[in-house]
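Here is a briefing on a two-part model. Look at the structure first, then work through the points below.

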Amino acid sequence: MSVTNALTAAYTPNYSIDQIMQTAQAPKAAGFRRVLGGIVGGVGNIFAPGLGSAIGSMISGGINTNPGLGEAAQYLELQRNMQNESRAFEAASAVLKSRHDASMSAIRNMK
Amino acid sequence: MNWTIDPPAEELEVLLEAGILYRDAGGLDHARDIFLGVRSLAPSSEIPEVGLGTVAFQRGNFAEAKKHYLRALQRNPDSAWAHAHLGEAELFLRNKPEARVHLMTAQRLDPGGPFGHMAQDLMTLVDVVEFGS
């Protein structure tokens, strides 16, 4: 699948799992990242509206499409963005857990 | 006749836990009703007020959530839980400096505890995720 087709699939609301998988295997994973960003953003918004959008936009907007960069530089940039995403997920996950723990602790202290 | 209902703390805990479960399961109207009921039964406690704030937050209404947290702090100015949630609401309202103040207050009030831990995790999130301004 070409990158153009992949992007078209990602922007189409009724994309299929096959399209996502094909997009993920494209040389430039921009389409997949856009789809992933949208999905993760939606999931994140269930827990904290706004947080999902923030992380989702971080993912989908993280790809470097600067044609002036060489392939190696683009992959380095991609690696850096992936590390940032990983940190964001870890941070959001930690917040969700500690929010729950705090709620339970507050309830136990009810007088 | 003047009726006073003074339910045991254990019963209020069960009600609050039900509210939390409803909230986390997406039953926001049920959660709100439960927290409103507990607030009526324990008007001096800040806990149901914070619960109401979390329901508003879950709806994406951060300004409304902030009002509840401020009311909770009127009842208990040293509530680390309320400060942590207020910091969270300020964060999503894109008031980063105010968010940091309340999160740091929560950490100071509950160092090493669950509320301080929540505030610490939110501070980490501030550094990692771009919330704007």
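In helix 3 of chain B, the buried residues are Ile47(B), Pro48(B), Glu49(B), Val50(B), Gly51(B), Leu52(B), Gly53(B), Thr54(B), Val55(B), Ala56(B) and Phe57(B). A residue is buried if 20 or more other C-beta atoms lie within 10 Å of its own, exposed if 12 or fewer, and partly exposed in between, with C-beta atoms placed from the backbone. Helices (H or I, at least four residues) and strands (E, at least two) are DSSP runs, numbered from the N terminus.

This is a predicted model, in which local features need pLDDT of at least 70, side-chain atom pairs count only at pLDDT 80 or more, and totals for chains, interfaces and linings use all residues. Residues are numbered from 1 along each chain as its sequence is written, while chains are lettered from A and ligands numbered from 1 in the order in which they are written.

**Helix 3 of chain B**

- Helix 3 of chain B is mostly covered, with 11 of its 12 residues buried.
- The cover over those buried residues includes helix 5 of chain A, along with helix 1, helix 2 (28–41), helix 4 and helix 5 of chain B.
- The end C-alpha atoms of helix 3 of chain B are 17 Å apart, which agrees with the 16 Å that its 12 residues should span at 1.5 Å a residue. The expected span is 1.5 Å times one less than the number of residues.

**Helix 3 against helix 4 in chain B**

- Helix 3 (residues 47–58) and helix 4 (residues 62–75) of chain B pack at about 170°, with their axes 7 Å apart. Axes are lines fitted to C-alpha atoms, for helices over the stretch in contact, and angles run from 0 to 180 degrees between N-to-C directions.
- That angle makes helix 3 of chain B roughly antiparallel to helix 4 of chain B. Angles under 35 degrees count as roughly parallel, over 145 as roughly antiparallel, 65 to 115 as roughly perpendicular and the rest as oblique.
- By class, this contact of helix 3 with helix 4 of chain B has 8 nonpolar, 2 polar and 4 charged residues. Ala, Val, Leu, Ile, Met, Phe, Trp, Tyr, Cys and Pro count as nonpolar, Asp, Glu, Lys and Arg as charged, and the others, Gly among them, as polar.
- Phe62(B) sits in helix 4 of chain B. Phe62(B) is buried, with 21 other C-beta atoms within 10 Å.
- Leaving out residues up to four places away in sequence, Phe62(B) touches Phe57(B), Ala89(B), Phe92(B) and Leu93(B). Two residues are in contact if their C-beta atoms, placed from the backbone, lie within 7 Å.

**Helix 1 against helix 3 in chain B**

- The axes of helix 1 (residues 9–24) and helix 3 of chain B come within 11 Å and cross at roughly 5°.
- This makes helix 1 of chain B roughly parallel to helix 3 of chain B.
- Leu16(B), Gly19(B) and Arg23(B) in helix 1 meet residues of helix 3 of chain B, including Ile47(B), Gly51(B) and Val55(B).

- Helix 5 (residues 80–92) of chain B is largely enclosed by the rest of the structure, because 13 of its 13 residues are buried.
- Arg94(B) lies in the loop between helix 5 and helix 6 (96–109) of chain B.
- Arg94(B) has a positive phi of about 65° although it is not a glycine. Most residues other than glycine have a negative phi.
- Arg94(B) is partly exposed, with 13 other C-beta atoms within 10 Å.

- Chain A has 5 helices and 0 strands.
- Of the 111 residues in chain A, 32% are buried.
- The contact between the chains takes 22 residues from chain A and 25 residues from chain B.
- Helix 5 of chain A gives the largest share of chain A's side, 15 residues.
- By class, that side of chain A has 13 nonpolar, 4 polar and 5 charged residues.

**Confidence**

- Chain B has a mean pLDDT of 92, and 95% of its residues reach 70 or more. pLDDT is the predictor's confidence in each residue, from 0 to 100.
- Chain A averages a pLDDT of 65, and 37% of the residues score at least 70.
- In chain A, pLDDT stays under 50 over residues 1–29. Where pLDDT is low, the predicted coordinates should not be read in detail.
- The predictor gives the complex an ipTM of 0.88 and a pTM of 0.71.
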